[in-house]
Amino acid sequence: MAFLASDEEAEPVDLMNKRAVFKSWWLPIAFAMPQLLLIFFFFYWPATSVLTWAFSLEPAFGGVGERLFVGWDNFREVFADTEYWRSVSLSLLFAFGATALSMFIAFVLAICVDRQLKGSGLFRFFYIWPYAIAAPAVGLAFRFIFAPESGLIAVVNTWSPDLWNPAKFGSHAMILVVVCFAWKWIGYNFIFMTAGLQSIPRSLIEASAMDGSGPVRRAFDLQIPLLAPTLFFLLVLNLTESFVGPDTYGIVDLTTEGGPNKSTDVMVYRIVSEAFRGLNYSGAAAQSLVLIALIMLFTFIQFRYVERRVHYK
Amino acid sequence: MKTLGVKLGLAAAALAVGLGATPALAEKVKFEFWYGLSGDLGERVQDACKKFNDSQADYEIVCTSQNGYPETVQNAIAAYRAKKHPAVVQVFDGGTLDLMLSGAFVPAKKLMEDNGYKIDWANYFGGIANYYATSKGELYSFPFNSSTAMFYYNVDAFTKAGIEGAPQTWEDVEAAARKLKAAGFSCPLGFSFDTWATVEQFSAIHNQPIATKNNGYDGLDTELVINKTKLVDHLTFFKKMTDEGLFVVKTKQLGMDVVPAFTSETCQMIQSSIADHGTIGKTIKPGAKWDVTMLPVWKGTERQNSLVGGASLWVLNNRPEAEYKGAAAFLNFIAQPDMVEWWSTVTGYIPVTKTGFEAMKANGFYDKPAYKGRDKAIASLTFTPTSANTRGIRLGGFPQIRKEISDAMEGIFFGKLTVQAGLDQAVERGNAILRRFEKTYAGRALN
């Protein structure tokens, strides 16, 4: 905030177009203080203890002074673990799968609602609901519905045994968690997309309709390009959220518990279970730092390469 | 150094309490107890707390459920780090070593001596106490809710299939499973990937080690050996039975765990905790005949005692001195024979003391139809004096090791792993956890 103000001050004074500039340096800081304090207490402070743990071996109940500094050992151990790399690729698979599925379905739904099809007002109201449900609750519901022997879906296994068995097959388990995550996030994506679509001038859509283009053509030629900033925002958000978000943990914990035989052991689940079930604070701290680095890299790539194709005006 | 710090902390805390307590002299000393049991069992803990509070006027125990064993340990750790921890905390069997090495507790024996209680430590069943004692036999925590794994079978189904009596050996189980299958039962025996019965208890009663160094009692440099013991043959047998459709996997993820599978009469035999005895009695179809017996052994095995499961109560340090008086009073209270009997009656957990057990026997508790068979759990636990392999399992990061073993079982029964490869995988990953634990606690000795 403070440097923004000074930036403006440095500009040549434009008398015709006078802007209000904060001259004092402390006022903007004072305004930003509540937020800064929040970030300090809930992000930077914990982050520093994660940092100390990551470079030492932290006993569960603490014990300052006895903590052993081990340098990069925890990281070396993490990187040398093949299970860890498997977990990274599973996380990527999960993040891309869940993001693609939820954004695609949300987009189709948004387009339909935007076309003012019958009942769209009602649907617009209902589609947001799943987002309001806590992830563990979603996970629990999905576990019951998709239980291969006693869930609603069990009927498919009477057609052919093991047609659907997420307890047995890793691929099915991955599909289950992806669907579960997508289901929850469709509503969220839907709201943003609907809002975006509604800001596209009607006349454009109508003109192209009169020129004979169908809904699919209009979506590709008009709506997607015009919606690009919204889509990009949602892409970043969905990828980050599915990669590291609490929803992912909640869903995996309640449905598959990372199984069968670690087929859905995504990074967040692994970190939380190592830290809290295994009380391996140091290993988990090292993994968290790697995860943060990966997310930064991830976001950087998106902004560097994807955002170039997004036009805001 | 540490003890001095503790003493200073205690002195300061005692002073603070002393100052704070002056205005209201008659006020009771409050202290907290965190436990992991929830639901019906959690309410029984509340009953126990209420009984204690009603029994005397000096102390008030405040009991809070943390909804789960691992959660209780996690929350206690977080609270301990923030110096807002409870005086008494319930810790499950798998978390025992974490507490032992934490340096964050008051040993059971010391607490009772300091507060003037005479406890006959020999009164605890050896198979129970040794799990929570040092390798020299000194008890660190108080056995509270104790159980062991048992074998449940559906008598109606057995009669229908023409099987008589309880299966004593795994050969009997196989024969029974074949007859049940022939009689049209689709799931003769249900099992899950929970390691407690199939791996840990199996190893104990067959006198097989889980890990070197006497299952970890003699040092943190212990290594898993489950890929070299009779367990390999045992799981190979399970795998064969599963392939033939005689044993059936029942897990939460599939839609039904073993206990509901038994109570819904889907499966006719299961291995489960004696603590489920009450639940099974309450939820199985009224009139259904079922029974419980000790876990089977392989023919020709000299059966050993089984391991205790459940949890014990730890007293954390750095609390005001007055709270320890209350904690000691509470722990003494729940160890009285009538309380032991009450607790065992309402929950299904076994009595942890010999006098408690004798009192229950004398009252004819085990002759009542609803409780028939529960004494077999005591018989199983006390079958022999504990050996190096049946004293307990003292491994760092044990909950995670259990998960590694059950992951491997998923791989064996659902994936493409062979039994040997699966157990090798579990041992390799488990040993990595043990090595890290050893390094983390390098400065602390295991007693």
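Colleague: How many Å separate the centres of domain 1 and domain 2 of chain A?

Modeller: For a question like that, you compare centres taken over C-alpha atoms. In this predicted model, the centres of the two domains of chain A are 34 Å apart. Domain 1 covers 2–54 and domain 2 covers 78–309 in the domain assignment.

Colleague: And confidence? Which elements of chain A have the lowest and the highest mean pLDDT?

Modeller: Start with the whole chain, then go element by element. Chain A has a mean pLDDT of 85, with 91% of its residues at 70 or more. Helix 1 (residues 2–10) of chain A is the lowest at 44, whereas helix 9 (residues 170–198) of chain A is the highest at 93. Over residues 1–11 of chain A, pLDDT stays under 50, and the model has 12 contacts beyond four places in sequence for that stretch.

Colleague: What about the interface: how many residues of chain A are in contact with chain B?

Modeller: Count each side separately. From chain A, 27 residues are in contact with 30 residues of chain B.

Colleague: Now a single residue. Is Ser312(B) buried or exposed, and why?

Modeller: Here you count C-beta neighbours. Ser312(B) is buried because 27 of them lie inside 10 Å, and the cut-off for buried is 20 or more. Ser312(B) belongs to strand 11 (residues 309–316) of chain B.

Colleague: Which residues does Ser312(B) contact, leaving aside neighbours within four places in sequence?

Modeller: Val91(B), Tyr132(B), Ser141(B), Phe142(B), Pro143(B) and Phe144(B). As for Tyr35(B), 277 residues away along the chain, its C-alpha atom is 9.8 Å from that of Ser312(B).

Notes:
Residues are numbered from 1 along each chain as its sequence is written. Chains are lettered from A and ligands numbered from 1 in the order in which they are written. This is a predicted model: local features need pLDDT of at least 70, side-chain atom pairs count only at pLDDT 80 or more; totals for chains, interfaces and linings use all residues. Helices (H or I, at least four residues) and strands (E, at least two) are DSSP runs, numbered from the N terminus. A residue is buried if 20 or more other C-beta atoms lie within 10 Å of its own, exposed if 12 or fewer, and partly exposed in between; C-beta atoms are placed from the backbone. Two residues are in contact if their C-beta atoms, placed from the backbone, lie within 7 Å. Domain bounds come from an automatic or database domain assignment. pLDDT is the predictor's confidence in each residue, from 0 to 100.
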